[in-house]
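This report describes one part of a protein chain, moving from its strands to a neighbouring helix. Please keep the structure in view while reading.

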Amino acid sequence: MVRGFGWAAAFPDEVWEHVFSFLAADADRNAVALVCRAWHRIERRSRRRVFVGNCYAVAPAAAVRRFPEVRAAAIKGKPHFADFNLVPTDWGGGAEAWVEAMAEGWPHLEELRLKRMVVSDDCLELIARSFKNFGVLSLVSCDGFSTAGLAAIAANCRSSPVHTSVGLEVAILVSVASEGVNELSLVYLLLSSADIPYLRNLRELDLHENEVEDNCLNWISHFPESFTSLVSLNIACLEGDVNTSVLECLISRCPNLKTLRLNHAMPLEKLVSLLQRAPQLVDVGTSKFSADHHPELFSKLESTFAGFKHLKSLSGIWEAGPTYLPAIYSVCESLTSLNLCYATIQSPELLKFVSRCKNLQRLWVMDLIEDNGLIAVAASCKLLQELRVFPSDPYGVAPPISLTEHGLVAISAGCLMLHSVLYFCRQMTNAALLTIANNRPNLTCFRLCIIEPHTPDYISQEPLDAGFSAIVESCKDLRRLSLSGLLTDRVFKSIGASANRLEMLSVAFAGDSDAGLHYILSGCKNLRKLEIRDCPFGDKALLDNASKLETMRSLWMSSCSVTLGACRQLALKMPRLNVEVIDERRGRPLESWPDDFPVEKLYIYRTVAGPRSDTPPCVWTV
Amino acid sequence: MGDQSNSPSSSIDSSSHPALCSTSSIFQTRRDLLSTDLKLGLGLSTSALHGCSSKEREQLSHWPPIKPLLRSTLEEKVHRSHSKTFFVKVYMEGLPIGRKLDLLSHNGYDSLMRTLRRMFRTTITCPDTSRVPPEKAHVLTYEDEEGDWMMVGDVPWEFFLRTVKRLKITRADKC
């Protein structure tokens, strides 16, 4: 009988568990756990999903102990700037500790999602043999593994039923077992002695933007013939060739396959014959989309795509030329998500394709679409929610293209449901930003990257403070913001004061002084992640706002003006922060450096696990 | 890179500027990437370029923030672009009508010599063959940025591409 508040004991645990099952958000479940001991106990035993935003914030064993019945785990490792090579490759984020703890404590784990972690082949093998009912493996921006590790995963995907006579034996024994004997352990004993393979139903293998070493060419052939449960396969990041005929067999025997994203190595003819086997696909990532013109191939491609009655998402389209794109016009109308950021085709063809996609909600495209293209998109894609425009020429070697602030303004005016923007361009004005802010107060994510650092408003030559201030003041639900261009401390004052829902802020080449950083850290109530590079922010703002850092997940500062002395002070003051100084020049150990030593890179994060034990030579926890 | 001149004195200047690359690093850079930069550099105004090759600038500041997969896709695209050409006039001494030749369709001096021998039906010797040229043979010379006429073959191919303005096949005994 549960002791506690009377009302908590009014219902049995199962009822509370059922009530809690309607709470999806972790924040809500965390709140529930603080109410009373009974609820804490019930909640922790019933939590099925765990998200660990920083793998070093908690010890794996502690997480596994606290929530023993987890079925789905998502863990993130390296800081975001690792995507742009700012974090040393040996910094950390190894997955072994977590996978070992999970293998031991969560044998019923069904879903594992790792992002920016170092995953070894041994880890993959451990995953392959530890979880009886494993269904989903997602590795995003990870590295450290090879196709040999994938072969191990594939080989363990067995979907076979339990032999019936053995099952009967088990049932009899369980029913005669006395109360003192653990029934479950008896069952497992029988199963293992009968040597029945674990039941495995891998549904999803998602490899997104990983660096994978190719040492096992035929890893796909390791999927057993009996394996038919695949729903989603994403191998877009693999560089090597994949055996097409093996893949064709796999696809043919998996009737539930909905997502198939291939890698660019596959020639177009092979892609077509592959896709013909799966007309039920909802999400397709093609391989190389260019070849010499063959009328036969064109019509085959056309009929294959015409066969896709349920296609909603299209990506890949590597190196697309104007030759074959018209073959797939038939799917445009049904597409809700289109990723053309690897399609380096010019504006007229791009425009013809995109403007047919009237139901598009998400569009990722190269700046080759130009302002005219975006104006056309604004007129035809009225349901657009997310736009990302990537630079086709980031280092400014080719002649400039006509993609300016006008394109983004047109989109903000025409697409009423737009809430997420990532835009690379070379010029901007405060007036344009103001217009965008007024047009789209519903923006939740605004990331603007003006390619040349310190670029002012090209008409007034003013800093872009006014423009970005307008964005944060108008867009009350803004959760993510990236700044660029010429910016003074004034913009940070506005952000600190107005960006109340902001959770992630990225700053580069901006600000005049410590005041800028101080405005951010003393404002922005909901700030979780702050990443800064090449700004004149220093010690004072950090130390004055030390306690703020414990309310955030992490802070990254590189090429700023922070000294080692301030890091030492901060570390002393805040024992529940790990203050990591990263210096790749190495040399003498940290202890011998003076206080005024300039810190090259700094990563601060809150943790209940104390300093980590796996720091490489270039990282010191102060 | 297009706005850096090639004379030795400028390499001293450029190496003292932290943002620009020294000439020695030009040779250390991957050959194909360098020649690509040059191909592109020849096709546009110098104002659009900054001090360094794309690869080195990227390593300097890892800016702009694009992910490695996109970055490598763009680099590949740049390598693959065959649409860049660099036509120069070629005259042979004694012939009033000249020809035009796309230097970028060749990957080195050997290839260039073979094409020119075919175009003009004459023997063209290179400075690195130590045979004394017979009277009927010709040598290949080029006019550089500064207007001087120089013997083809002394400098690395990529360097040559950057400075050559026109070619002239002259009689060997004039050199």
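In chain A, strand β17 (residues 480-482) pairs with β18(A) in the parallel sense over three bridges. The model is a predicted one. Within this pairing, A:S506 of β18(A) is the bridge partner of A:S482. The chain passes from β17(A) through α19(A) to β18(A), and this β-α-β crossover is right-handed.

A parallel pairing also joins β18(A) to β19(A), over five bridges. Here A:V507 stands opposite A:I532 in β19(A). Together, β18(A), α20(A) and β19(A) form a right-handed β-α-β unit.

## The covering of β18

Strand β18(A) is mostly covered, with five of its five residues buried. A:M504, A:S506 and A:A508 point one way from the strand, whereas A:L505 and A:V507 point the other way.

## The buried side of helix α20

Which residues of helix α20(A) are buried? In this helix, residues 514-522 of chain A, they are A:D514, A:G516, A:L517, A:I520 and A:L521. They lie on the same side of α20(A) because they cover an arc of only 155° around the axis. In an α-helix there are 3.6 residues a turn, so residues three or four places apart point the same way.

The cover over the buried residues of α20(A) includes the helices α19 (489-498) and α21 (539-544) of chain A. It also includes the strands β18 (504-508), β19 (529-533) and β20 (554-558) of that chain.

## After the helix

Just after α20(A), A:C524 takes a positive phi of about 40°.

Note on methods
Residues are numbered from 1 along each chain as its sequence is written. Chains are lettered from A and ligands numbered from 1 in the order in which they are written. This is a predicted model: local features need pLDDT of at least 70, side-chain atom pairs count only at pLDDT 80 or more; totals for chains, interfaces and linings use all residues. Side-chain values use heavy atoms; hydrogens and water are left out. Buried means under 20% relative accessible area, exposed over 50%, partly exposed in between (1.4 Å probe, protein chains only). Helices (H or I, at least four residues) and strands (E, at least two) are DSSP runs, numbered from the N terminus. The arc is that of the directions from the helix axis to the C-beta atoms. Contact means heavy atoms within 4.5 Å. Two strands pair if DSSP finds at least two bridges between them. A crossover is right-handed if, with the strands pointing away from the viewer, the path from the first strand over the helix to the second runs clockwise.
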